[in-house]
Structures are given as C-alpha cells and as structure tokens.
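Please look through the model below with these notes beside it.

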Amino acid sequence: MVIFHHDALIIGGGVAGMTAALRLAKAGRKVAVICKRKLSVCCSWYAQGGLAAVPIIGGKPIEGDSFQDHVTDTLRAGAGLCNEAVVQHYVKNAFKTVIEPLIEDGVAFTKSHDPTGSRGFPYSLHQEGGHSAPRIFHVSDYTGRAIMERLFGLALAHPNISIFEEHMAIDLISSAKLEKMH
C-alpha cells in the first residue's frame with residue numbers, strides 16, 4: 001500500500017479546486033488534488049461565457065457600473081433564489097479576489113480593441129443576459145478552457161502540488177476503516 005502525506009486534500013480539479021491548491025501551495029503547504037476524470041474534462045473547462053465582476057480602477061467601480069447595480073441585477077436574475085448577503089459579499093469582492101488573482105496568474109483575459117480601453121478599462125467587457133452593464137471578463141469565447149489551461153500549467157509545475165486524476169473521493173475510505181465504523 002502506498003501512503004501519501006499532504007497538508008491539504010482538495011477534491012475536484014476545476015477553477016475552485018486549482019485556485020485553492022495554488023494558494024495553499026504558494027503558502028508552503030503540500031497539497032493533493034483528486035479528480036474523478038482527466039483535468040481537461042472538468043466542468044470549468046467547458047465554461048464559455050466569462051466571469052462577472054464590477055471592474056475597479058483606483059479602488060472604485062468604473063464609470064457606468066456599481067456594486068449596487070450588480071447586486072440588483074443578480075437578485076433579479078436569481079428570481080428570489082439568491083441569498084442577498086452572499087450576493088453582496090461576492091459582488092463587493094469578486095474583482096479583487098477572483099479577477100485580479102487570475103490576471104496575476106497569467107490568465108489572458110481579452111483586451112479592449114479601443115486603445116483607451118472600455119470605459120477607461122483595458123479589458124474587453126461583455127454585457128450578457130441579466131446584466132445592466134458590461135462586466136463580464138472573458139477570453140474570447142473559451143474562457144473556462146483558457147483559465148483552466150493556465151491554472152493546470154501552474155499546478156502541474158508546482159512542486160508542492162500532487163494531482164491524482166481518475167480517482168474517486170469515495171476510494172479514500174478503505175474497507176478496513178469501514179469495518180471499524182460498524
């Protein structure tokens with residue numbers, strides 16, 4: 001039997017799993033990521049649209065957008081199914097905690113064709129269904145694939161990250177441990 005020693009175990013190799021693995025590994029932790037399929041078959045890979053976030057310049061939303069507008073749009077589109085406190089937290093923090101780290105990690109979001117940028121912003125921002133302003137960060141029409149290719153590359157190259165493809169989380173429970181539970 002092979003025994004592995006890690007500080008953290010992440011189940012799932014999509015954007016959330018890879019982001020968590022990279023952040024933990026950069027902090028010096030040994031991380032294991034298990035995926036039930038090959039890395040390139042995760043749901044995140046197939047996401048085409050983009051990521052919604054109010055673009056920030058100089059600590060403030062760009063002209064023509066606001067946190068409150070994004071919250072309103074999200075709650076309206078969610079048809080009463082959204083937790084308003086969660087929506088407010090996400091909207092307020094999405095640019096700083098999602099978009100900026102992805103840019104820092106080398107995700108090449110599509111740049112604006114306008115040399116002055118979209119409303120003073122250097123990235124091309126789409127306006128998709130339910131949004132009252134352009135705030136969708138994208139990589140052409142293959143955003144998920146572009147993000148995942150970059151995160152996979154970083155994770156595979158990091159010495160503190162071990163990736164186990166085609167493994168099921170349930171397999172972590174051995175039959176000997178199951179017998180002890182009964």
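1. Arg-135 counts as buried at 0% relative accessibility, where buried means under 20% relative accessible area, exposed over 50% and partly exposed in between (1.4 Å probe, protein chains only). This is a predicted model, in which local features need pLDDT of at least 70 and side-chain atom pairs count only at pLDDT 80 or more, while totals for chains, interfaces and linings use all residues. Residues are numbered from 1 along each chain as its sequence is written, and side-chain values use heavy atoms, with hydrogens and water left out.

2. Arg-135 forms a salt bridge with Asp-73, their closest N and O atoms lying 2.8 Å apart; the term requires a side-chain nitrogen of Lys or Arg within 4 Å of a carboxyl oxygen of Asp or Glu. Asp-73 is also buried, with a relative accessible area of 3%. Both residues belong to a network of salt bridges that links Asp-65, Asp-73, Arg-76 and Arg-135.

3. A salt bridge also joins the side chains of Lys-26 and Asp-105 (2.8 Å, N to O). Here Lys-26 is exposed, with a relative accessible area of 53%, whereas Asp-105 is buried at 14% relative accessibility.

4. Lys-96 and Glu-100 form a salt bridge whose closest N and O atoms are 4.0 Å apart. Lys-96 is exposed, with a relative accessible area of 61%, while Glu-100 is partly exposed at 27% relative accessibility.

5. By the rule stated above, the count comes to seven salt bridges.
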